[in-house]
Amino acid sequence: EALEKVGSLTPSLSQGEGDSEQEAAKENYPRTTGTAMSSVTPPREGSGEAPSLPPLISLFTSLVPEHTREAAASMIFAPLGSYLNNTVTIDDVSGQERNLQFTSIVVGNSSSGKGFAGTLSDLITERHRQHDISSWAQLTAWQEQKRTTPKGETAPPKPNVPLYLLASNMTEPALLERLKALEPHHGRAYINVPEIDDLRKMQTVATSRIGAGQEIILSAFDTARYGALRVSAEAVSTITVMSLNIVASSTYPGTQDFFRGGVERGSVGRCDISIVPDCYDVPHYGRPTPELYAQLDSYIDRLQRATGHIQCDDIDRVVEEIRLAYNDPRSPLSFHQNAEYYKLCHRQLLITKQKATILYICNDYQWDPTWEPWLHHAFYYGMECKISVFKAEIESWIKRQYASLTATVITRSGPKSELDNLPQTFTLDDIVTMKRTASPTDTDEQLTTKAKTLIRTWKLRQRIIPTEQEGVWEKVES
């Protein structure tokens with residue numbers, strides 16, 4: 001009963017609506033397990049439809065299938081951010097100085113097209129790969145020298161060369177060794193993991209305080225000291241900085257299993273999660289052009305030149321606008337009524353600020369106001385994806401947290417919803433008429449935009465459902 005009362009106050013994921021051809025294809029397509037989301041576009045109030053992408057993002061999303069572009073727009077910041085060195089810092093939402101770190105998790109059903117993450121990773125990190133070729137050549141030469149060293153003579157020391165790209169099947173000792181080699185260069189490693197469960201191999205279960213692999217994500221987000229002290233002579237004893245950007249993919253069950261308990265522990269909140277909807281047609285990829293490579297090189301050059309503390313008043317202003325929207329109980333986009341959703345907001349807001357910082361650096365420290373609608377959109381998209389994938393675990397947490405609360409606390413009423421002023425079934429025009437009374441000075445376009453935002457918000461919170469008649473909505477009995 002407590003969960004039902006609290007759940008009625010919280011937002012939840014709504015399914016996207018495909019076009020007629022997409023719906024027709026679904027009829028003959030095998031059903032899959034998990035949640036398929038064809039469109040997740042919860043914008044801020046007054047923003048209307050999903051905003052256009054910043055040029056940096058559209059540069060890469062143009063290369064991947066259309067149904068993956070929303071997820072790609074979130075994922076690309078992890079490989080791009082790997083070119084920042086560890087001297088680059090920003091203030092987090094609480095005012096503390098910290099490094100920029102991205103852990104991007106791409107979730108989707110089997111064969112939904114999650115492989116785009118590897119395609120874009122390879123494209124963006126090509127400069128890392130070229131650098132690592134020379135490092136591998138030095139390591140190979142050292143191995144040959146060691147092999148040919150006569151008995152009784154001292155073998156040459158192993159060269160401490162940095163490698164930026166890590167293998168997805170790397171063991172924990174190898175991970176520590178590679179991160180330690182990057183420390184003098186203030187470098188940040190990058191890894192693309194085709195299946196998130198492979199991260200378990202990089203952490204010894206016996207030394208893990210929480211689920212194997214989750215501690216890597218926790219330490220990476222906080223750029224914390226990480227390592228192990230071994231007792232055997234052959235083992236690797238290393239304490240280093242977990243300077244690592246991660247992209248990982250998995251199915252819904254695989255992601256939920258890996259992050260079991262991660263909502264309370266904080267590992268879920270530290271990830272930027274995106275969802276790839278099912279595709280019922282052959283996906284089509286674009287080909288990089290010389291102009292794209294030239295533009296990418298200019299972006300990477302700016303990221304590699306960046307140093308010191310990054311401060312931008314416009315970024316802080318946008319972040320504050322988002323914070324006020326989700327923090328205000330009167331806002332239709334508020335997460336304030338639910339403690340667990342509310343806690344997830346804080347780190348998602350920091351992730352959004354980090355994305356804004358990457359855009360700012362790549363644009364040669366020039367702020368573009370046209371990015372702002374997308375940044376608002378990116379925050380709510382990330383929140384909705386987390387709620388979608390981990391809804392069962394969040395609801396379990398809610399049930400435990402609120403079981404002991406009194407009914408008077410749980411049933412405390414908030415501001416009256418505008419939905420109460422509408423009939424049981426209504427249209428967009430009904431909302432416009434209602435809003436015109438409240439805002440007589442607004443234009444028809446402004447009123448229509450606000451009406452569309454209300455419909456999207458009520459869908460998000462499962463307060464309304466579409467009827468069989470197009471353009472007509474029906475209230476859901478609470």
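This is a short chat about a predicted model of one protein.

User: I'm new to this one. How many helices and strands does the protein have?

Analyst: There are 19 helices and eleven strands. Keep in mind that the model is predicted.

User: And what share of the residues is buried?

Analyst: Buried residues account for 48% of the 478 residues.

User: What about contacts between residues at least 6 apart in sequence: what part of them join residues at least 24 apart?

Analyst: That part is 75%.

User: Let's switch to rings. How many aromatic pairs does the structure hold?

Analyst: Eight aromatic pairs. One of them joins Tyr-360 and Tyr-365.

User: Give me another pair. What is the geometry of Phe-379 and Tyr-380?

Analyst: Phe-379 and Tyr-380 are edge-to-face too. The distance is 5.0 Å centre to centre, with 85° between the planes.

User: Where do they stand, buried or exposed?

Analyst: Phe-379 is buried, at 0% relative accessibility. Tyr-380 is buried as well, at 3%.

User: Which residues form an aromatic cluster?

Analyst: Phe-77, Phe-102 and Trp-374 make up one cluster.

User: And which ring does Arg-98 lie over?

Analyst: Arg-98 sits over the face of Phe-221. The distance to the ring centre is 4.5 Å.

User: Back to Tyr-365 for a moment. Where is it found?

Analyst: Tyr-365 is in the loop between helix 14 and helix 15, which spans 372-389. Its phi is near 60°, a positive value in a residue other than glycine.

User: OK. What is the phi of His-186?

Analyst: Phi of His-186 is near 55°, again positive in a residue other than glycine. His-186 is in the loop between helix 8 (172-182) and strand 4 (189-193). This residue is partly exposed, since its relative accessible area is 42%.

User: New topic: Ser-274. Which strand is it in?

Analyst: Ser-274 lies in strand 8, residues 272-276. At 0% relative accessibility, Ser-274 is buried.

User: What is Ser-274 in contact with, leaving aside neighbours within four places in sequence?

Analyst: Its contacts are Ala-71, Ser-74, Ile-105, Val-106, Val-107, Tyr-381 and Cys-385.

User: Last topic, cavities. How many are there of 30 Å³ or more?

Analyst: Four. The largest cavity has a volume of about 60 Å³.

User: Which residues line the largest cavity?

Analyst: The lining is Ile-90, Asp-91, His-309, Ile-310, Gln-311, Cys-312, Ile-315, Asp-316, Lys-353 and Thr-357. Three elements are listed as giving two or more residues: strand 1 (89-91), helix 13 (313-327) and helix 14 (339-362).

User: And how does that lining split by class?

Analyst: The lining has four nonpolar, three polar and three charged residues.

Notes. Residues are numbered from 1 along each chain as its sequence is written. This is a predicted model: local features need pLDDT of at least 70, side-chain atom pairs count only at pLDDT 80 or more; totals for chains, interfaces and linings use all residues. Side-chain values use heavy atoms; hydrogens and water are left out. Rings of Phe, Tyr and Trp (its six-membered ring) pair if their centres lie within 6.5 Å; planes under 30 degrees apart count as stacked, over 60 as edge-to-face and the rest as tilted. Buried means under 20% relative accessible area, exposed over 50%, partly exposed in between (1.4 Å probe, protein chains only). A charge sits over a ring if NZ of Lys or CZ of Arg is within 6 Å of the ring centre and within 35 degrees of the ring normal. Helices (H or I, at least four residues) and strands (E, at least two) are DSSP runs, numbered from the N terminus. Contact means heavy atoms within 4.5 Å. On a 1 Å grid over the protein atoms alone, a cavity is a set of points where a 1.4 Å probe fits but cannot get out, and a pocket is an open set with protein on both sides within 12 Å along at least five of seven lines; lining residues have an atom within 4 Å of a point. Grid points are joined across faces, edges and corners, and a volume is the space filled by probe spheres set on the points. Ala, Val, Leu, Ile, Met, Phe, Trp, Tyr, Cys and Pro count as nonpolar, Asp, Glu, Lys and Arg as charged, and the others, Gly among them, as polar.
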